[in-house]
Amino acid sequence: MMTSDFNDNEDDAENQINQQLSHFEHAVEFKILLDQLLDEQSGKYDKSYTRIQQILDVYQEQPHLLDPHLESLIEPVVIRIRANISSSSAMEAQSKCAWLFKYLYYLTKARGYKTIVKFMTHEVSDLEPMVDFMNAQEIRDGTCWETRYVCLIWLSIICMVPFDLRKIDSGLVASGQQSLINRLLDIHKRYLGCTGKERDASSILVARLLSRRDVSTEHLIPYLQWAKEELSSIHDVFKVTGLLSSLCAIFQYAARDILLPSLDDVAFPMLSLPFIDHFSGNSVIRKLYIKLSERISLCYLRPRVAKWRYQRGNRSLVNNLHSTTSSTDYSLQANIHTHTGNDDDDDDDIPEQIETVIEILLNGLRDKDTIVRWSAAKGVGRICQRLPQELADDVVGSLLELFSEDVLKDVNGDLDISATSEHTWHGACLSIAELSRRGLLLPERLNDTVDWIAIALKFDLKRGSHSIGSNVRDAACYVCWSFARAYAPEVIQSYVGQVAHSLVCVSVYDREINVRRAASAAFQENVGRQGVFPFGIDIIQAANYYSLGNRNQAFLDISVEIARFEPYRDPLIEHLVKISVRHWDKQMRCLASQTLHKLVSIAPRHFIEVVLPQLIPDTTSLDQNISHGALLSVAEISLALTECSAQDAALSDVWQSSSIDVRQSISKIVRLIPEKNLTTFGSEHIREAACHLIACLAEAGIVTTDDADTQAWDQLISTSLKRKEENVQKSAVMAFGAVARYKGLDEGTVKECIDQTIATRHLYGRRGYALALGAIPFDIPRMNIHLSAVLSAIITAMAMKQSPQENDAEAKRNAVLALHAIIQQLHTRIKAAIPYDDFQSVVQGLLKNLEDYSIDQRGDVGSWIREESMKALSLVVPLVTRMDMEIPGDHRYLGLDTQMQIIAKLLKQASERIDRTRACAGNALSVIVRSTTDDGRPCLQIPGQEMLLNISNSDLDWTSPADVYPQLVPMLAFSEYRFDLLTGLITSAGSRTESLLRYSSQCLSEYINQLPTKEGDTTVCLQDFVREFNSILEAHRNDDRVSIALLEVVGSLFESGTLLHLNDDQIYNRLLFLTRKEAYKSRDVRKLVAVIRVLVGYAGLPPCKARTTAVQQLLTYLVHPFPKVSDKGMERRDIPKHISTKKQMSK
């Protein structure tokens, strides 16, 4: 079956549990740090404050754990600040208390200012000193904004002292100074246009100040008039934001009777000022405008709780969960109160302004920003709570009309919401939730509401390259959650089926993790408070907050478990068929088809009689999403039904005989797929699904006998094998193999595959057909007649070519993959099926692949071939060597020389540059070296076997150069592996990756430096290594990947003095000859610089022919046309002085 590429974080549940704290664990350390902060002599302010920040950040998610300690954490700081402000000048107090103010701010950040301000002193004696301190602050000083913020918050609580502020004024008015109230207002206005947190604090200050009765009589209306004038004239976004925040706070804190005189003439006209149009693009201003509108309207309405609202009454969670509680008991305990008549209060006149505000709020529900819609939704709920029943019902009707905006009906009469606005639906859902939570959505309205909410729970539309609707579904879950808290069980009983089924489907089948969890929370709330959801406890145990975090698990495991409960089975299947299978996201369609496969065993007859007849017509839809999902689903269901029929005779009769029409319709699907779906943009998905359908049908035995259908299958597979998309090719190969296994292959088909594999005219066809050769079922003995020809074609396809067009990396890789698949199929029959000569060709072909270092614009694409070849060797070598060991006298397919050659090549790859390739080589080496016969004998008998076993058993991290190279370098002692291993180490030593270069060159240099110069008691000497250098340089002539790295290693050995004492003119002369030959006509600066390093090393030898030749060669580079090359020799301090002299003479 197909698998999804998307996986949610599986560790999410465990991480969240581990991060939960039970108490303030850092209390002792925190108080020590606070003491250091309070100690003016400690000098550890910065360090202590940084650690305090780190501790408080830990409790950002659980700040309530700080509450028992807040008094001891705030009181000493406040006392110190008060003392400094009272006894020092403002500037001196500022410098002394800067870190303390930062500390208090960070506490407000963690716990919230409303909690922290309660622990600050609010005595009369604090007011004027704090005002003077604030007046001395420099607003442009960006380093002390925490000081200003905390002081403004502090002033907001101090100004609430229960004394007339005019009486506690120090009497500065008599001397012509401003009054205390005016000074506070000036402080507020000063920070009103700030861009930082001071603006928010100043709004709280003015709201607290003007909400006092002794201040509001003289200052409230003038302030509102001033604010109105400012809003009419200014265009500073920050000042407008500050003004709106202040007005919102004033209308929140001030008493209604204080505000009433200002409503008609000052407050309400503000709502029609042009500033809202000028700043229409600012979401914060729009939110504050909505909030101000709501609070002004609340001042018009008398504070009350509507008597007509629905009241559920007393609720008992225990009774709801008690299985024996009858419906009669619910009605007795619920104590339901509904009021149908008119209240006495309903006779109050409702001002006309309320209608205007409600219109503003309804428009706010359509806003593009969530914060605006959320504020509007809460405003609608608060206003309706004070309205008469008739007017509130009109508001509810208007809200429900928002759902029907731009909703159309299709030809079948179903609602089409593709043209609707997600913002409108989200705002409407939030409002409905607020109304129901407050009891303002009467049961009579539930019938219309639940239908729209059920649609909202499945609101998912694709717009362009992204989807919309996740916020709508989340808000719809909030509505269902509010239903659970608002209504009695008998009220919600009529809608249990619709709500429960929708929530369960969303909780397991929604694309977004937050929506799945929201639906689960709503379902759990309904189970706990309503007690009428069937199998509620069982379901919430399976579909909980943590288990739903993984989307694959939610689809493939949890939903299948829930489907075993009959009330939810059909809704789950229906949701998959009508929504998930048609989803715009490919991964969702794949998951839906896999889930249907698992659900077949629960209700197989339902799938035969209902589901398949619905899906089969969709397979030929022109909508590619619908067609793709239907093809996958039909494939999975057909395969699952066949699997179930094998275990159920009655079902087998139904599936094989009674549903002949369905089976025939399925077999004709491929022929009926519109040609456009197979050729246009996005056709790769349809081809992938159609090939998957063919594979499943062949495996299920649903193979057509109609020649037209057979031809359509063959044509689809053939054309899909030639597509450039690898996923399509892989699906086509699966279909090819399944059909071949079921029907067999004729000689013409095999010949076509071979011809297409070795052909050069169609690049993508070579790739696809190379993979297809591996899908031929050679585990069926009658197919072995084609094996020799197929192996020959694979060996040809995976060999390196001279032409860049023929030397395609993907085609060669696919050929190796095909060979790997064939070996897996043959397994223990490999020696019987493959002749000795053919097997030797296979092994030698794989070994040659380990020398494939093809490069294109994507980098070292040859590594793909090398890695797959190593995987094939790790399969075939243990298998064949075990058979060679277990059958005495049998002709050995892998002799000792071949075994050593394989180990040498793997050691070379294990020491190469690419981490991934090194790891692949290390794994292959470990598998081969550790392979044993059934009686425990090692399959290999090679030199250095014990050392290789130690390396394989050391649990080595092959991707770490620091771990790998110290283990591999000692293997250079074995001459059988030295050439290849040394080549790999040298290429790594010439790498430009710092870690790779450091460890490889260091290990190699240390090993060579400790070698004796000539042969003696040891098995390896320095002369052997230099001879290997000569051999490598000769074998890789003009191969810059190896030759430059080798020259750099030789140069570094000369510089370290290792090669200066070799005393072998023949080796010196040979190495110098190969070096000069490598540099001949080269224009590679890096290579020439490496050659110069070697020649400079020769210049340090005692007088000899090689030294003279090297010096002469160096002289030619001193006048080289490349400045970097000519200057490189002079940069080296160890060149004999006469070379420099001759350069001067040449100039």
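The charged end of Lys189 sits over the ring of Trp226, at 4.4 Å from the ring centre; such a contact is counted if NZ of Lys or CZ of Arg is within 6 Å of the ring centre and within 35 degrees of the ring normal. A second contact of this kind places the charged end of Arg517 over the ring of Tyr545, 4.0 Å from its centre. The structure is a predicted model, in which local features need pLDDT of at least 70 and side-chain atom pairs count only at pLDDT 80 or more, while totals for chains, interfaces and linings use all residues. Residues are numbered from 1 along each chain as its sequence is written, and side-chain values use heavy atoms, with hydrogens and water left out.

A pair of aromatic rings is described by the distance of the centres and the angle of the planes. Rings of Phe, Tyr and Trp (its six-membered ring) pair if their centres lie within 6.5 Å, and planes under 30 degrees apart count as stacked, over 60 as edge-to-face and the rest as tilted. The whole structure holds 31 aromatic pairs. One of them joins Tyr223 and Trp226 in a tilted arrangement, with 5.5 Å between centres and 40 degrees between the planes. These two residues are about one helical turn apart, because they lie three residues from each other in helix α11 (residues 213-233). Helices are DSSP runs (H or I, at least four residues), as strands are (E, at least two), numbered from the N terminus. Tyr223 counts as buried at 3% relative accessibility, where buried means under 20% relative accessible area, exposed over 50% and partly exposed in between (1.4 Å probe, protein chains only). Elsewhere, Phe24, Phe30, Tyr59 and Tyr103 make up one aromatic cluster.

What of the cysteines? A search for disulfides (pairs of cysteine sulfur atoms within 2.5 Å) across the whole structure finds zero. For Cys97, the closest cysteine sulfur is that of Cys151, 8.9 Å away and therefore too far for a bond. Cys97 is buried, with a relative accessible area of 0%, and Cys151 is likewise buried at 0%.

Helix α26 (residues 513-530) has 18 residues and reaches 25 Å from its first C-alpha to its last, close to the 26 Å expected at 1.5 Å a residue; the expected span is 1.5 Å times one less than the number of residues. Of its 18 residues, 13 are buried, leaving α26 mostly covered. Just after α26, Gly531 adopts a positive phi of about 70 degrees.
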